[in-house]
Amino acid sequence: MMNQLQDKHVEVSAPTTSVAYFDTASTAWSLRYQESRHFQERLQKVLNWMAAYPPFLDVLDYGCGSGVLLKALSAAGYNLTGVDLSAGMLEEAHRCMESVPQRERARLFRVNEHFESPHVEQQYDGIFCLGVLEYLDDPTALMAHLNSLLKPGGFLMLSVPNQSSVLRGMERWIYNNAVWFRPFGLFPHLTGKDNYLQHQRHQFTVKELSSQLEPWGLSLKRTHFHVAPALLKSFEHSPAFGMSVITEWVKPTVKKSAF
Ligand SMILES: C[S@@+](CC[C@H](N)C(=O)[O-])C[C@H]1O[C@@H](n2cnc3c(N)ncnc32)[C@H](O)[C@@H]1O
């Protein structure tokens with residue numbers, strides 16, 4: 001079980017549930033890809049990694065949000081499926097698909113909190129789960145589910161907040177001491193009402209991810225650390241600074257018996 005983050009935030013009003021948070025955020029979610037370097041870099045990195053794979057693969061985006069990644073992958077010839085818990089996000093993802101030719105569009109389905117959907121029963125050659133695990137009560141359960149959905153020889157790309165980052169530590173310290181900053185309007189994205197840290201339940205080290213995934217046979221193929229304020233940008237690729245980490249894992253192919 002991953003370490004749950006300690007929330008020392010003293011808020012007057014309780015935060016909304018994370019599904020309500022994502023429903024509300026859904027209409028502007030795709031805009032973040034135009035405005036935020038973090039979102040752009042993450043998208044570009046997984047697209048670069050994906051470029052090594054052939055077309056016609058069955059690919060799943062778990063927690064697909066407004067469908068930006070699915071749209072970016074649509075012209076490459078994959079059989080794309082996107083699932084999400086938030087009806088608002090799925091509505092946006094359907095909207096995002098409207099500009100994609102019919103035959104290239106992703107199939108989109110809602111899953112519940114128990115990862116159930118009557119439509120997601122097959123296995124996939126590749127699975128993305130970007131910026132999702134940190135919002136769950138039990139991220140290990142989702143990792144186990146994703147592993148069960150992955151074909152032998154398949155890949156799993158995860159993006160999570162990097163617990164080893166000193167900047168993540170500072171961010172959470174500001175969040176936990178919001179009362180000092182709020183009167184001066186400082187760091188509104190960390191101290192304002194219903195900000196994302198109220199919903200972020202976990203951060204992860206690569207070692208922790210490895211200790212979950214390796215016993216299931218998955219092996220780490222590559223990592224990419226990124227995100228830091230402009231002033232510290234030159235340190236962002238260091239595990240001690242990069243606020244997020246993208247990892248790619250591969251599942252072994254089934255060995256043929258000699259007999
Ligand atoms: C931070 S957003 C990331 C969206 C998208 N992956 C991206 O990178 O733009 C997190 C997404 O995970 C979804 N989510 C949260 N819990 C989920 C769950 N248990 N099952 C499926 N999706 C979930 C949210 O609704 C939201 O769309």
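Two residues are in contact if their C-beta atoms, placed from the backbone, lie within 7 Å. The structure is a predicted model, in which local features need pLDDT of at least 70 and side-chain atom pairs count only at pLDDT 80 or more, while totals for chains, interfaces and linings use all residues. Residue numbers start from 1 along each chain as its sequence is written.

**Exercise 1. Overall form of the chain**

Task: State what share of the contacts links residues 24 or more positions apart, and explain why the radius of gyration agrees with a compact globule.

Solution. 
Step 1. Among contacts with a separation of 6 or more, 69% are between residues 24 or more positions apart.
Step 2. The radius of gyration is taken over C-alpha atoms, and the globule rule is 2.2 Å times the number of residues to the power 0.38. For 259 residues the rule gives a value near 18 Å; the chain has 19 Å, and therefore agrees with it.
Step 3. The C-alpha trace spans about 70 × 40 × 35 Å along its principal axes.
Step 4. A residue is buried if 20 or more other C-beta atoms lie within 10 Å of its own, exposed if 12 or fewer, and partly exposed in between, with C-beta atoms placed from the backbone. Of the 259 residues, 37% count as buried.

**Exercise 2. The sheet**

Task: Determine the order of the strands in the sheet and identify which strands stand at its edges.

Solution. 
Step 1. Helices (H or I, at least four residues) and strands (E, at least two) are DSSP runs, numbered from the N terminus. The chain has 9 helices and 7 strands.
Step 2. Two strands pair if DSSP finds at least two bridges between them. The 7 strands form an open sheet with mixed pairing, in the order β3-β2-β1-β4-β5-β7-β6.
Step 3. The edges are β3 and β6 (219-226); each has a single partner strand, so one side of each is left without a neighbour in the sheet.
Step 4. From one strand to the next, the twist averages 15°. Axes here are lines fitted to C-alpha atoms, for helices over the stretch in contact, and angles run from 0 to 180 degrees between N-to-C directions.

**Exercise 3. From β1 to β3**

Task: Trace the chain from β1 through helix α3 to β2, and then through helix α4 to β3.

Solution. 
Step 1. Strand β1 (residues 58-62) runs parallel to β2, and 5 bridges join the two. Val59 stands opposite Leu80 in β2.
Step 2. The path from β1 to β2 passes through helix α3 (residues 68-73) in a right-handed β-α-β crossover. Right-handed means that, with the strands pointing away from the viewer, the path from the first strand over the helix to the second runs clockwise.
Step 3. Strand β2 (residues 79-84) has 5 of its 6 residues buried.
Step 4. Parallel pairing over 4 bridges connects β2 with strand β3 (residues 107-110). Opposite Phe109 in β3 stands Val83, and opposite Leu108 stands Gly82.
Step 5. A right-handed β-α-β unit is also made by β2, helix α4 (residues 87-97) and β3. The buried residues of α4 include Leu90, Ala93 and Met97, and its buried residues pack against α1 (18-35), α3, β2 and β3.

**Exercise 4. An exposed position**

Task: Decide whether Val179 counts as buried or exposed.

Solution. 
Step 1. Val179 is found in helix α7 (residues 178-181).
Step 2. Val179 has 11 C-beta neighbours inside 10 Å, and therefore counts as exposed.
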